[in-house]
Amino acid sequence: MLFLQLLVNGIQVGALYALIAVGFSLIFGSTRIFHFAHGATFTIGAYIFYYLYSVAAVQPIVSMVVASAATMVFGVFMDRCVYAPIQRHEGSFFTIFVASLGIGIIVENLIGVVFGRSFVSVSTPLSMSVQVAPGLYVAPLAGIAVVCALVFFLALHFFFTKTHLGMGLRALSESPELIRVYGMSPRMLSTIAFVIGSVLVMPAAILTAASSGMNPSITHHVMLISLAATIVGGVGSLRGAAFAGLLLGIVENLSLMFLGSQWSEAVTFVVLFLFIIFRPTGFFGRAMAS
């Protein structure tokens, strides 16, 4: 029964990892910008929701909307005020990475100054586990996490296959000139990619705050999961990133049968290294978002 319990927990965590990873993969696959500050986006959204809902006693829907708006503003800021000027001056991939890393560290430390570095969490009855079978406990948040992931992924599939903006994003990294021929602006599409990728972290941020809690250093863990899932799933493949995020969540939790929780990140790296060695293209490796 321990295996089944850990599997259920892994599916819940994996659904959240999938949402985080797809947001990063969408941005990287469309713009070829290594958005290391994606972890900072998660932390900003999670802490704003925590403050509004748990400290200021704002209604949950309003808290979600404000936190989501904050993540979008941060994503647009990074695209327009950090990455765009570097690209205009023909900055290298490494220059963009360092800038993104620096912003992520600044955000993490600012949040630590404002909220402290201890763990905080959002209190909700939905995080209380209910016994569904002898020795098996499931919290309503687990079902919510899976449903959120499915809804967002179906919406993304429709967006990328049925809308002109979605098709433009798929082509953005391959042929910006072709995008201009069809009357679209590569800069506008880049901003849209950052907006969508930033919003995708919000369900995971809210559910993480309500289930396992968080501290400012969660920024690094989020970025690790985003990077690992992008490589394991296949660079540029949203389907691969989602599948890899789910896999990493399950593997991390099943490893608790043999290892302590402090080894969870090491397990993620082991999975990542195995794929780099034996299948470097990942599950569904391709050159553009799909």
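Is the crossing of H11 and H12 left-handed or right-handed? The crossing is right-handed, where right-handed means that the near helix is turned clockwise from the far one by less than a right angle, and left-handed that it is turned anticlockwise.

Before you start clicking: this is a predicted model, in which local features need pLDDT of at least 70 and side-chain atom pairs count only at pLDDT 80 or more, while totals for chains, interfaces and linings use all residues. Residues are numbered from 1 along each chain as its sequence is written, and side-chain values use heavy atoms, with hydrogens and water left out.

**Stop 1: H11 and H12**

Select residues 238-254 for H11 and 264-278 for H12. Helices here are DSSP runs (H or I, at least four residues), numbered from the N terminus. Their axes come within 9 Å and cross at roughly 130 degrees; axes are lines fitted to C-alpha atoms over the stretch in contact, and angles run from 0 to 180 degrees between N-to-C directions. The two helices are therefore oblique to each other (under 35 degrees is roughly parallel, over 145 roughly antiparallel, 65 to 115 roughly perpendicular, and the rest oblique). Now show the side chains: Leu247, Leu248, Val251 and Glu252 of H11 make the contact with Ser264, Val267, Thr268, Val271 and Phe275 of H12. Contact means heavy atoms within 4.5 Å.

**Stop 2: Ser25**

Next, pick Ser25, found in helix H1. At 0% relative accessibility, Ser25 counts as buried (buried is under 20% relative accessible area, exposed over 50%, partly exposed in between, with a 1.4 Å probe and protein chains only). Leaving out residues up to four places away in sequence, Ser25 touches Ser30, Thr230, Gly236, Ser237, Leu238 and Ala241.

**Stop 3: Val65**

Jump to Val65 in helix H3. With 53% relative accessibility, Val65 counts as exposed.

**Stop 4: the largest nonpolar core**

Select Phe42, Phe74, Met78, Tyr83, Val107 and Met214, which touch the most other members of this 42-residue core. A nonpolar core is a set of buried Ala, Val, Leu, Ile, Met, Phe, Trp, Tyr and Cys residues joined through side-chain atoms within 4.5 Å. Zoom in on Val107: beyond its neighbours within four places in sequence, Val107 is in contact with Ala40, Ile44 and Phe74. Another core, of 29 residues, lies apart; Phe159, Ile225, Val232 and Leu238 are among its residues.
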